[in-house]
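Me: I have a model to go through. Can you walk me through the contacts and the sheet?

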Number of protein chains: 4
Amino acid sequence: KNKARLLISCPDKPGIVAAVSKFLFGKGANIIESNQYSMNPEGGEFFIRIEFECPNLLERQSEIKEDFRQIAEAFSMEWKLMFVAETKKVAIFVSKEQHCLLELLWEWQSGDLMADIALVISNHEDAREFVESLDIPFYHIPANKDIRKQVEEQQLQLLNQYGVDFVILARYMQILTPDFVAELPNRIINIHHSFLPAFVGAKPYERAYNRGVKLIGATSHYVTNDLDEGPIIEQDISRVDHRDDVAKLKKIGQSIERSVLAKAVKWHLEDRVIVHENKTIVF
Amino acid sequence: KNKARLLISCPDKPGIVAAVSKFLFGKGANIIESNQYSMNPEGGEFFIRIEFECPNLLERQSEIKEDFRQIAEAFSMEWKLMFVAETKKVAIFVSKEQHCLLELLWEWQSGDLMADIALVISNHEDAREFVESLDIPFYHIPANKDIRKQVEEQQLQLLNQYGVDFVILARYMQILTPDFVAELPNRIINIHHSFLPAFVGAKPYERAYNRGVKLIGATSHYVTNDLDEGPIIEQDISRVDHRDDVAKLKKIGQSIERSVLAKAVKWHLEDRVIVHENKTIVF
Amino acid sequence: KNKARLLISCPDKPGIVAAVSKFLFGKGANIIESNQYSMNPEGGEFFIRIEFECPNLLERQSEIKEDFRQIAEAFSMEWKLMFVAETKKVAIFVSKEQHCLLELLWEWQSGDLMADIALVISNHEDAREFVESLDIPFYHIPANKDIRKQVEEQQLQLLNQYGVDFVILARYMQILTPDFVAELPNRIINIHHSFLPAFVGAKPYERAYNRGVKLIGATSHYVTNDLDEGPIIEQDISRVDHRDDVAKLKKIGQSIERSVLAKAVKWHLEDRVIVHENKTIVF
Amino acid sequence: KNKARLLISCPDKPGIVAAVSKFLFGKGANIIESNQYSMNPEGGEFFIRIEFECPNLLERQSEIKEDFRQIAEAFSMEWKLMFVAETKKVAIFVSKEQHCLLELLWEWQSGDLMADIALVISNHEDAREFVESLDIPFYHIPANKDIRKQVEEQQLQLLNQYGVDFVILARYMQILTPDFVAELPNRIINIHHSFLPAFVGAKPYERAYNRGVKLIGATSHYVTNDLDEGPIIEQDISRVDHRDDVAKLKKIGQSIERSVLAKAVKWHLEDRVIVHENKTIVF
């Protein structure tokens with residue numbers, strides 16, 4: 001299609017919207033949706049996401065990018081122009097628990113996840129049958145902390161080979177090394193099974209049970225080198241009570257994990273998420 | 001202060017944002033917040049709310065309005081320019097139950113309701129003491145359906161005398177006549193004690209109890225001549241179960257009514273609500 | 001296993017709990033969970049659900065039932081004794097939209113739906129492949145209001161043949177006749193795609209969109225002869241706003257429908273729901 | 001009135017309910033509400049709360065307590081019998097922010113908080129006027145960590161003088177010493193302005209803002225000597241987004257704090273909370 005999304009961050013000052021909207025109007029573009037946010041109108045960081053439609057967009061890609069450069073420089077913008085026609089390629093990593101993977105595949109099957117699921121990588125065999133039944137390549141790469149280096153090399157090679165844009169950790173229970181993370185900055189989405197920053201790390205449901213919380217949650221975030229400390233994209237919670245043991249908490253939690261991860265992935269696919277320092281703006 | 005809000009509705013077509021933002025830039029204005037929505041980029045209705053700051057704004061009011069007229073005409077805009085310095089004057093109507101009135105007065109006392117509460121009108125005496133203790137004029141106007149006409153004349157005269165901009169029905173249990181409503185189009189905010197369109201009309205908690213619902217709610221809306229059918233501004237709900245009798249439902253419901261009405265009133269005060277046909281856009 | 005659930009309704013008066021708990025203690029039973037509710041301790045209806053474990057329960061079924069009859073008569077009880085070992089047999093009816101069916105099958109596959117899914121009946125072919133891949137019999141019975149009678153005869157015959165205990169309407173878009181409903185009193189669970197009693201009947205998402213509601217919902221209820229008026233088991237809602245068109249409301253709604261129906265079915269399977277007049281007590 | 005509540009914890013084994021309900025029946029009591037929970041039917045801890053009505057209850061207090069002792073010993077019960085007619089006496093501690101205090105006083109005025117508010121103690125003068133206008137004694141005791149000892153002595157003396165049963169910390173921003181806490185085990189209710197265990201300690205809203213969470217919360221808990229680590233009674237959350245700065249988070253949070261604290265206090269007043277190890281059972 002002829003749709004694109006322009007994402008901009010720059011220091012706020014008068015005239016940004018005027019300049020950008022005049023530019024788009026000059027190119028014959030029609031703005032479909034526009035969202036903006038300023039941390040402080042007097043010199044704070046300014047963010048805008050504009051979705052627009054433009055005749056013959058794909059043919060004019062380089063012209064539009066070229067011409068926009070001038071405005072971008074005048075306002076010291078960091079910017080990205082994403083074309084809707086260029087579907088993002090994603091790899092899903094999963095371990096034993098498959099509820100998050102299933103939710104994503106299901107959404108994808110019903111046409112609600114506008115991604116190209118390039119491959120699924122798992123350190124277990126469990127998911128193979130279902131993944132392959134959908135004609136998605138499945139790779140079983142056993143993993144543990146002693147062979148982390150080799151495992152990640154294999155994974156990166158596959159990501160490369162398939163031209164993957166970003167990775168979803170759909171309950172992948174291995175820690176990634178800084179080298180791996182550095183290859184995909186703000187392009188690895190994880191689902192953590194707690195309401196961060198509560199219960200960072202292992203066994204959050206067990207710890208939630210022991211602490212006697214009355215709500216449990218799940219958090220989807222971009223992966224950084226600080227475990228469970230990356231920019232949060234989405235969170236949600238569910239009410240629990242004293243009768244819910246750890247198994248019940250896990251069960252209730254799975255439901256939250258599924259929907260929180262699916263939301264975060266969709267927003268990422270629609271280029272709605274801008275990362276600023278360690279936080280997200282979700283438009 | 002030098003802040004204003006520009007609200008626009010018009011048929012969507014390319015160039016609107018470019019024209020408006022160029023205009024504001026030309027006036028030396030700095031956009032603080034901007035939200036827009038298009039029902040359909042190809043000729044559907046387009047809505048935008050822009051909050052901006054502009055030096056010497058109040059002195060230049062008429063100049064700015066005058067100059068904007070040209071753009072407005074070119075795009076067939078319906079528009080309003082509201083100056084933050086001109087605090088809105090509000091009258092609160094209340095009957096026996098005071099929880100909504102109290103919530104509003106409380107928010108107002110803590111500086112979170114940027115309105116000038118001009119007067120409180122009630123068909124009962126109960127609220128007088130507390131209202132007057134805050135130096136707000138209180139008028140007791142007994143009401144029933146036989147004297148509706150005279151009552152409303154008295155009320156309108158008071159609204160006139162105090163220069164009231166809009167009215168809040170904070171659980172005012174009298175029906176207003178079309179004549180009264182016509183005087184204040186989209187400027188009367190009601191709180192209905194149900195999740196509309198469920199339980200339109202009288203005794204919603206009794207009917208919710210009899211129907212055996214598992215959630216009860218409250219709805220804030222602009223008043224039109226169709227009872228409880230006006231444009232909805234905000235709704236919320238709370239979970240209930242079989243143990244909750246009517247008295248308990250009322251109690252739980254009061255909490256929802258308080259917060260739903262307070263939210264709707266704040267959004268109205270910040271000029272965040274645009275009414276289109278029988279629906280609201282809340283920016 | 002040796003588990004059972006005793007469900008009782010009777011007029012409240014002193015001594016009920018004493019009599020029942022003494023009886024169970026006398027049989028060597030250990031109470032695992034017990035919930036009770038009284039509409040009015042002075043003669044209102046009293047409800048209790050007791051889950052207990054008892055050695056050699058299945059061999060002693062008739063003895064226990066026989067002996068309990070005496071207490072039941074003394075207190076004018078309506079009662080049911082359900083043995084956990086006797087897994088309930090269910091038929092799922094579905095039309096074109098499969099999200100609710102999929103959710104149920106998924107829960108069933110992961111061992112969280114303790115039912116025997118005896119068969120799936122649909123007026124469309126869409127679901128056949130997935131259903132049969134799980135070794136569940138699938139019957140395609142085309143339906144429309146002109147052949148309702150014959151269709152229902154076929155369906156009832158299948159229910160009979162498979163010894164079905166209850167039916168789930170997982171977005172089955174045909175109205176059932178009173179004769180069909182009479183065969184399965186309080187044993188047909190429907191999911192309605194609105195927050196009842198709002199938007200009874202057809203096209204609730206379209207009507208929710210037109211009304212401009214700020215929350216949409218779904219309701220699971222037992223089917224009676226009054227369309228969408230049966231006893232409500234569970235409801236939930238999700239927040240929406242002016243940007244959500246009908247397609248988006250449907251999508252958001254599907255998520256609620258899935259979880260609300262799954263909850264209602266689980267509670268029914270665990271014998272947690274008692275119907276009293278047109279309402280449910282959910283323990 | 002003739003109402004009482006019996007709260008019991010003991011190791012689970014068959015016959016507990018039979019024994020207790022037989023006892024109450026023997027005394028002519030009518031059970032109004034009963035809730036029970038077993039951590040593990042095979043020897044885990046068992047908890048029950050029974051609310052009952054009994055003719056001439058207050059005259060027969062000592063007889064009933066005396067006679068129950070026998071059963072209590074047979075089952076190694078910890079138990080409490082609370083008479084509804086003996087209204088609990090409470091002291092409220094508050095610092096500068098008054099929203100939680102106001103909520104409690106408001107609930108109390110409308111008859112929804114069945115407590116005797118004996119006095120309010122504050123390290124600031126701000127609340128005096130409103131508190132005294134309700135004829136509740138107000139004590140201003142300036143406090144800081146250097147004079148903690150003397151301050152607490154004064155406070156304890158007042159609690160003693162007024163015969164206070166429990167204390168509510170309605171945003172009292174001073175840390176209590178172990179000596180003070182030891183005087184009122186599980187009888188000091190605090191409201192912490194975060195979703196515990198996230199953001200234990202000072203400035204939770206600032207830290208929530210910096211972490212970029214998408215939900216903020218509040219937690220009501222009994223105070224122990226581990227800061228913000230006591231048994232949680234109730235928690236709730238509200239959705240926030242990138243536009244909400246610290247001031248806005250505080251404002252949104254105040255609403256949650258008010259309702260979470262009010263709920264926890266009501267449950268405590270109705271003897272619905274049993275503390276077991278560091279967790280609560282809320283019936």
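**Salt bridges, interface and sheet**

Reply: The side chains of Asp271(C) and Arg5(C) meet in a salt bridge, at 3.1 Å from N to O; the term means a side-chain nitrogen of Lys or Arg within 4 Å of a carboxyl oxygen of Asp or Glu. This is a predicted model, where local features need pLDDT of at least 70, side-chain atom pairs count only at pLDDT 80 or more, and totals for chains, interfaces and linings use all residues. Residues are numbered from 1 along each chain as its sequence is written, chains are lettered from A and ligands numbered from 1 in the order in which they are written, and side-chain values use heavy atoms, with hydrogens and water left out.

Me: What does the pair Asp271(C) and Arg5(C) tie together?

Reply: Asp271(C) is in the loop between helix H8 (246-269) and strand E12 (273-276) of chain C, and Arg5(C) is in strand E1 (residues 3-11) of chain C, so the pair links parts 266 residues apart in sequence. Helices (H or I, at least four residues) and strands (E, at least two) are DSSP runs, numbered from the N terminus.

Me: How many salt bridges over all chains?

Reply: The search of the whole structure gives 110.

Me: And how many across the interface of chain D and chain A?

Reply: Six by the rule. Glu234(D) forms a salt bridge with Arg239(A), with the closest N and O atoms 3.1 Å apart.

Me: Which element gives the most to the side of chain D that touches chain A?

Reply: E11(D), with seven residues.

Me: How much area do chain D and chain A bury?

Reply: About 2800 Å² between them, 55% of it on carbon and sulfur atoms; buried area is the accessible area (1.4 Å probe) that two parts lose on being put together, summed over both. In chain D, the most area is lost to chain A by Arg211(D), Lys214(D) and His242(D), together 26% of what that side buries.

Me: Now the sheet. What is the strand order in chain B?

Reply: The open sheet of seven strands runs E7-E6-E5-E8-E9-E10-E11 (chain B), with mixed pairing; two strands pair if DSSP finds at least two bridges between them.

Me: Which strands stand at the edges?

Reply: Strand E7 (138-140) and strand E11 (232-239) of chain B; each has a single partner strand, so one side of each lacks a neighbour in the sheet.

Me: In what sense do E5 and E8 of chain B pair?

Reply: Parallel, over four bridges, between residues 88-94 and residues 166-169 of chain B. Ala91(B) stands opposite Val167(B) in E8(B).
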